[in-house]
Amino acid sequence: MAAPHIFRSSFLSTQPLPHNSSAVRAAPQSPLSIRATATSSDASAAAPIKHRRTEENIRDEARRHTSSHNFSAKYVPFNAEPTSTESYSLDEIVYRSRSGGLLDVQHDMEALKKFDGEYWRSLFDSRVGKTTWPYGSGVWSKKEWVLPEIDSDDIVSAFEGNSNLFWAERYGKQFLGMNDLWVKHCGISHTGSFKDLGMTVLVSQVNRLRKMNRPVVGVGCASTGDTSAALSAYCASAGIPSIVFLPANRISIAQLVQPIANGAFVLSLDTDFDGCMQLIREVTSELPIYLANSLNSLRLEGQKTAAIEILQQFDWQVPDWVIIPGGNLGNIYAFYKGFQMCKELGLVDKIPRLVCAQAANANPLYLHYKSGWTDFKAVKAGTTFASAIQIGDPVSIDRAVYALQNSNGICEEATEEELMNAMAQADSTGMFICPHTGVALSALIKLRNSGVIGPTDRTVVVSTAHGLKFTQSKIDYHSNEIKDMDCRYANPPVHVKADFGSVMDVLKKYLLSKDSKVQ
């Protein structure tokens, strides 16, 4: 059933309208509500669509349409006992609970539940594809569920999100015997990875804190590449200094150049990610530098919107499986949180089963899962082509375990050869994925071969970064230059003499291999 016009108008307002209020239903439509119904033929016939004033930009327009609401959110200890009263304002600079545990952002669910699932579905759908600030972003189109109390003028956004959900038709049919396989291309984003979804939220909150004269001079992170790219870009957009700790010689050139180009202060450290993480935590406890790693739960509020977006793209139908690469392990929990909020607020009636896929060379969660969730042990992460998940002591281990246990989830691993072959196999069907997505596809292959995932199960593989960030690994693979690896799908160029006869001979041989009818 189509939503009433006054509901569809709400992409211009942060104030939802109660679904049970007859007075609201009877209220006459304002010019704003008519303006917002560009997708409604009868509303657009009632009055012409108004455009913003000539002298305005989209931020100016948003200021005129600001309205109040009763939604709120706060930090609480992660997975705390129901009797816990510990909480913190989002405007406080705090990363751990009093006991040293993780924090989580808790929304006022009772306030959100005053509006039914149909209302929220209609609201979120009404904002897709718009340029209205800040709702054109796939993250901020869910603003009420992300940072409800932030002023739109403080938001730092590149209109991230709204990424492609790709039907992997040929790959699914040819290699897996599946007809409903999808790849969520989160890497088709402003800086080329899913980290943009969380960084827009974190940097927006920092922007708010700085305007409140809180002691924040800059923002810092430890990174295996993608986090630093997102942080530096969003900080540069807001004019906020960014500081990046990178493990020397362990990330791709494409990843390294991004924070450099965006003006970050980059420290190349002779250690791995876990060493960088330890240092940045020590530094941020002494200096007025805001910590941007996923220890900070604000980022997960942005990343959870990718889960909501998947449901939206399936017209609010729930897939059977969602497979996510895992390193520091915040993302698997973010997806769980997004799906669970949709269920709790009545947008859907169930959540998908989640799979966390790890590189075998950096697989602490997988080992923990295989042990039956007995005592967790960090590992020394080995080198992997999936460099962004080369993490042996993940910050969000407790979050990941919670997400898998509450979604009837699974953890799987992939060797270097498996992930690189899966990446090349997928590329051969028209994709251009990163090695981390190769890890997720390897997990899918194993679960499909074992019969855990069925041929008709609707399955979504989350692609976390753009393949263009990892061209060197692809070059090495297709050149057969990776030591001790069977590059099964390598496709090196063929060197041919520059004469007609030689070219014809090679082409005929190639065409015959593809089509026996060619003479």
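Predicted model: local features only at pLDDT ≥ 70, side-chain atom pairs only at ≥ 80, totals over all residues.
**Exercise 1. Find which residues line the second largest cavity, and describe that lining by class and by element.**

Step 1. The lining divides into 5 nonpolar, 5 polar and 1 charged.

Step 2. Now look for the main contributor. Helix α14 (residues 305–313) gives the largest share of this lining, 3 residues.

Step 3. Finish with the volume, which is about 60 Å³ for the second largest cavity.

**Exercise 2. Work out how many cavities of 30 Å³ or more the structure holds, and what volume the largest cavity has.**

Step 1. Count them with the 30 Å³ cut-off in mind: the structure holds 3 such cavities.

Step 2. Turn to the largest cavity, whose volume is about 280 Å³.

**Exercise 3. Describe the residues and elements that line the largest cavity.**

Step 1. Start at the centre. The lining has 25 residues, and Phe194, Lys195, Asn328, Leu329 and Ala388 are the closest to the centre of the cavity.

Step 2. Move on to the elements. Those that give two or more residues to the lining are α10 (226–238), α13 (298–303) and α15 (330–344). The largest share, 3 residues, comes from α15.

Step 3. Close with the classes: this lining has 13 polar, 9 nonpolar and 3 charged residues.

Definitions and conventions. Residues numbered from 1 in each chain as written. Heavy atoms only, no water. 1 Å grid on protein atoms, 1.4 Å probe; cavity = no way out; pocket = protein on both sides within 12 Å on 5 of 7 lines; lining within 4 Å. Points joined across faces, edges and corners; volume = space filled by probe spheres on them. Helix = DSSP H or I, 4+ residues; strand = E, 2+ residues; numbered from the N terminus. Nonpolar A, V, L, I, M, F, W, Y, C, P; charged D, E, K, R; others polar.
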